[in-house]
Amino acid sequence: MKKRPVVQMMCALAVALAAGSALVTPAAAQKPRGDFPTRPITFVVGFGAGGGADVFARALSEASKTVIPQPIAVENRPGAGGTSANAYVSGRPADGHTILFGHAGSSVITPLTVNQPSLKWDAFEPVARIHAEEEWLMVHPDSPWKTIDQLVAYAKANPKKVRVAGSAIGGIDSFVVLAWEKAAGIDVEYIPHDGGGPAILAFLGRNAEVVVGNVSEFAQHIEAKKMVPLAVASEKRSPIFPKVSTLKEKGWDVVMVQWRSVLAPKGTPPERIAFLAQSFRKAMAAESWKTFNKNTKAVDLYLGPADFRKFLASEEKRFAAIIDELGLRKK
């Protein structure tokens with residue numbers, strides 16, 4: 001049977017996950033109630049250019065130009081596992097003109113690990129969860145390990161000899177590796193970077209044997225046969241690469257999904273939060289967003305402010321348990 005290209009697997013992935021330039025100019029924008037927004041909106045991303053966070057923010061900004069009557073400028077402020085951006089945004093005026101990229105690492109994991117509640121999700125106003133992606137382990141096409149079992153066997157016999165590139169410590173990439181190490185009884189060398197883009201460059205430059213992250217970051221390199229999937233940290237096998245094993249089926253209960261979202265400074269007026277949430281929901285119907293999702297294999301998992309707040313509270317509880325089990329919480 002002829003193998004389908006990676007880009008044609010998006011629809012199947014949507015079913016599976018549902019079950020279990022920096023400046024954009026507006027066009028045909030809808031007028032919000034009141035005088036908001038009165039100037040360009042800044043979307044602050046705590047990671048460098050080229051990674052999943054940056055690509056997501058720019059795609060959402062592009063899609064929003066038809067529903068928000070002001071440009072959205074993406075501003076990269078990498079550092080501290082994404083929380084440098086959190087610290088910056090928390091000090092900005094709570095008027096809706098500055099918004100923050102949020103995901104499991106920067107909004108939940110890192111603040112819990114380093115015991116900085118002022119940087120955690122509930123120090124902001126939840127606007128909307130937008131979509132999610134699976135977490136993958138990728139290797140070089142000429143890797144000596146053709147299965148995850150072979151890699152684990154080597155890692156057990158050769159501690160710290162397997163280098164894994166990923167985003168900053170405290171991000172979900174690092175948690176996939178930490179949880180996998182403990183579950184499989186191995187010890188690899190995790191090499192953190194300021195985002196998926198730099199991690200990929202390190203991997204392609206042969207400075208790591210494995211890279212962890214999302215298909216949105218890897219797609220062009222997979223198509224170019226510069227990396228191949230070895231395992232996925234999902235509940236069930238992914239329809240993107242159905243022949244690739246999950247970590248869970250090997251007996252390592254590591255299931256983590258990278259969700260992406262928008263937060264605003266604490267105290268941002270509710271009507272402005274509602275306008276932004278509704279605008280992003282409408283933007284997800286834009287052709288540019290649909291194309292982005294298709295190309296990156298991401299899945300829309302929209303939640304509005306109230307439901308997103310409940311989800312974040314549940315994520316905090318889940319990751320707090322993992323952090324304490326791994327003994328990672330800073331005293």
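What is the order of the strands in the open sheet of 5 strands? It runs 8-7-9-6-10, with mixed pairing. Strands here are DSSP runs of E with at least two residues, helices are runs of H or I with at least four, and both are numbered from the N terminus. Two strands pair if DSSP finds at least two bridges between them.

A quick word on the model: it is predicted, so local features need pLDDT of at least 70 and side-chain atom pairs count only at pLDDT 80 or more, while totals for chains, interfaces and linings use all residues. Residues are numbered from 1 along each chain as its sequence is written, and side-chain values use heavy atoms, with hydrogens and water left out.

Strand 7 (residues 163–167) pairs with strand 8 in the parallel sense over 5 bridges, and serine 167 has histidine 193 in strand 8 as its bridge partner. Helix 8 (residues 215–223) lies across strand 6 and strand 9 (210–213), at about 135° to strand 9, where contact means heavy atoms within 4.5 Å.

Now for the rings. Those of Phe, Tyr and Trp (its six-membered ring) pair if their centres lie within 6.5 Å; planes under 30 degrees apart are stacked, over 60 edge-to-face, and the rest tilted.

| Pair | Centre distance | Plane angle | Type |
|---|---|---|---|
| Phenylalanine 47 and phenylalanine 101 | 6.3 Å | 90° | edge-to-face |
| Tryptophan 136 and phenylalanine 241 | 5.4 Å | 85° | edge-to-face |

Phenylalanine 47 is in the loop between strand 2 (41–45) and helix 2 (52–64), and phenylalanine 101 is in strand 4 (residues 98–103), 54 residues apart. Buried means under 20% relative accessible area, exposed over 50%, partly exposed in between (1.4 Å probe, protein chains only). Phenylalanine 47 is buried at 7%, as is phenylalanine 101 at 1%.

Tryptophan 136 belongs to strand 6 (residues 136–139) and phenylalanine 241 to the loop between strand 10 (228–232) and strand 11 (257–265), so their pair ties together parts 105 residues apart in sequence. Tryptophan 136 is buried at 0%, and phenylalanine 241 is buried at 10%.

Key
Axes are lines fitted to C-alpha atoms, for helices over the stretch in contact, and angles run from 0 to 180 degrees between N-to-C directions.
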